Amino acid sequence: MATKFIQPPIPASHVFHPKPSTLRMMKLHGALLATHQWNKKCSRFGENPFGFGFSSSVKAAEQSSELVAEEKVIPEESSDYRKVAQIKRDIYDALQGINRGIFGVTSSKKTEILKLVELLESQNPNPEPTSCLEKVSGSWKLIYSTITILGSKRTKLGLRDFISLGDFVQSIDVVEGKAVNAVKFSAKGLNLLNGQLTIEASFKIASKSRVDISYIKSVITPEQLMNVFRKNFDLLLGIFNPEGWLEITYVDDSMRIGRDDKGNIFILERFEDNTP
C-alpha cells in the first residue's frame with residue numbers, strides 16, 4: 001500500500017500578504033503585460049486596428065492608479081500673498097511712533113519706509129486702477145505721508161501746544177467723481193473742542209493709473225475753530241490742498257499707495273466710516 005504524503009500546514013507567519021501599494025503595482029504590471037500580449041497578437045494586422053497601443057494603455061493604467069490614490073494634493077497658500085502680507089506687516093512696524101510722518105522723520109526711517117513702499121508697489125495686483133475705480137471707492141485713513149509741517153509753519157498753526165491733529169480721512173465717490181478729505185483737530189485752549197478741515201475736490205481719469213484732481217471748496221468746522229485758523233487759513237490749505245495729479249501705484253482691498261505731482265507719497269488703509 002502506497003504511503004500518502006501529507007503537506008504539513010504552513011505557519012501563518014510564513015504566509016505572504018501583499019501590501020495595498022504592492023497590489024496596485026501588481027495590477028498595473030498585469031495591465032501593461034496584458035496589453036503587450038494583445039499588441040503582439042494584433043501585430044499581423046499592422047497597426048492596432050482598434051487604436052490601442054502601449055502609450056494609451058500606460059495612460060489608462062496611470063489613470064486607474066490615480067483613482068485609487070490614498071492621498072490628495074492640497075495646494076499651498078500663494079507665495080505672492082504671503083509676500084504682500086509680510087510687506088504690509090513690515091510697513092506697519094516701520095510706522096510705529098512717527099505720527100504718520102506729519103512732523104518729519106529721520107532720513108534713515110524715511111529710506112526704510114520708501115524701500116518697503118517700492119517693494120509693495122512691485123506686487124500691485126491692480127496695475128491699471130483707473131479701469132477698476134471701485135477698488136478705490138469708499139473710506140480711507142492716512143497712515144503715512146511725506147507731507148510735513150515743520151518749523152515756523154507748525155508754530156503759526158498752533159500745532160506745537162495749542163492744536164492737536166487727529167485722523168486724516170478720505171471719502172471717495174467714484175460715481176460722482178469726487179473726493180472729500182477731512183483733517184480732524186482738537187483745540188486744548190477751547191475745552192478740547194473738536195473740529196475738522198474739510199476739503200472737497202473732483203477728479204477725472206488721466207491715464208491707466210493717474211487721475212487729475214481739481215480743488216472745489218474747503219471749510220473748517222465749527223466756527224470757533226475757523227476763527228482760530230482764519231489768519232493762517234491759506235497756509236493750512238496750502239499744505240493739504242490736493243490740486244494736481246495723483247498716481248495710484250498700489251491698491252487692494254485694504255491698502256492704497258499714491259504719489260502726487262509734488263513728489264509726495266501717501267499710504268492709506270481702508271476703514272469703515274460710521275459717521276452719521
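Guide: A charge sits over a ring if NZ of Lys or CZ of Arg is within 6 Å of the ring centre and within 35 degrees of the ring normal. Keep in mind that this model is predicted.

Visitor: What makes Arg154 sit over the ring of Phe103?

Guide: The charged end of Arg154 is 3.7 Å from the ring centre of Phe103. Lys141 is placed over the face of Phe271, 5.2 Å from the ring centre.

Visitor: How many aromatic pairs are there?

Guide: The count is two. One of them joins Phe185 and Phe229.

Visitor: Why is the pair of Phe185 and Phe229 called tilted?

Guide: The ring centres lie 4.9 Å apart, and pairing needs them within 6.5 Å. The planes make 45°. Under 30 degrees would be stacked and over 60 edge-to-face, so 45° counts as tilted.

Visitor: Which parts of the chain does this pair link?

Guide: Distant ones: Phe185 is in strand S3 (residues 178–187) and Phe229 in helix H6 (residues 223–229). They are 44 residues apart.

Visitor: How do you know whether Phe185 is buried or exposed?

Guide: Its relative accessibility is 3%. Buried means under 20%, so Phe185 is buried. Phe229, at 2%, is buried too.

Visitor: Which residues touch the most other members of the largest nonpolar core?

Guide: Among them are Phe185, Phe229 and Leu197. This core has 37 residues. Helix H7 (residues 233–240) gives the largest share, five residues. A second, separate core has 17 residues, including Leu95 and Ile265.

How values were computed:
Residues are numbered from 1 along each chain as its sequence is written. This is a predicted model: local features need pLDDT of at least 70, side-chain atom pairs count only at pLDDT 80 or more; totals for chains, interfaces and linings use all residues. Side-chain values use heavy atoms; hydrogens and water are left out. Rings of Phe, Tyr and Trp (its six-membered ring) pair if their centres lie within 6.5 Å; planes under 30 degrees apart count as stacked, over 60 as edge-to-face and the rest as tilted. Helices (H or I, at least four residues) and strands (E, at least two) are DSSP runs, numbered from the N terminus. Buried means under 20% relative accessible area, exposed over 50%, partly exposed in between (1.4 Å probe, protein chains only). A nonpolar core is a set of buried Ala, Val, Leu, Ile, Met, Phe, Trp, Tyr and Cys residues joined through side-chain atoms within 4.5 Å.
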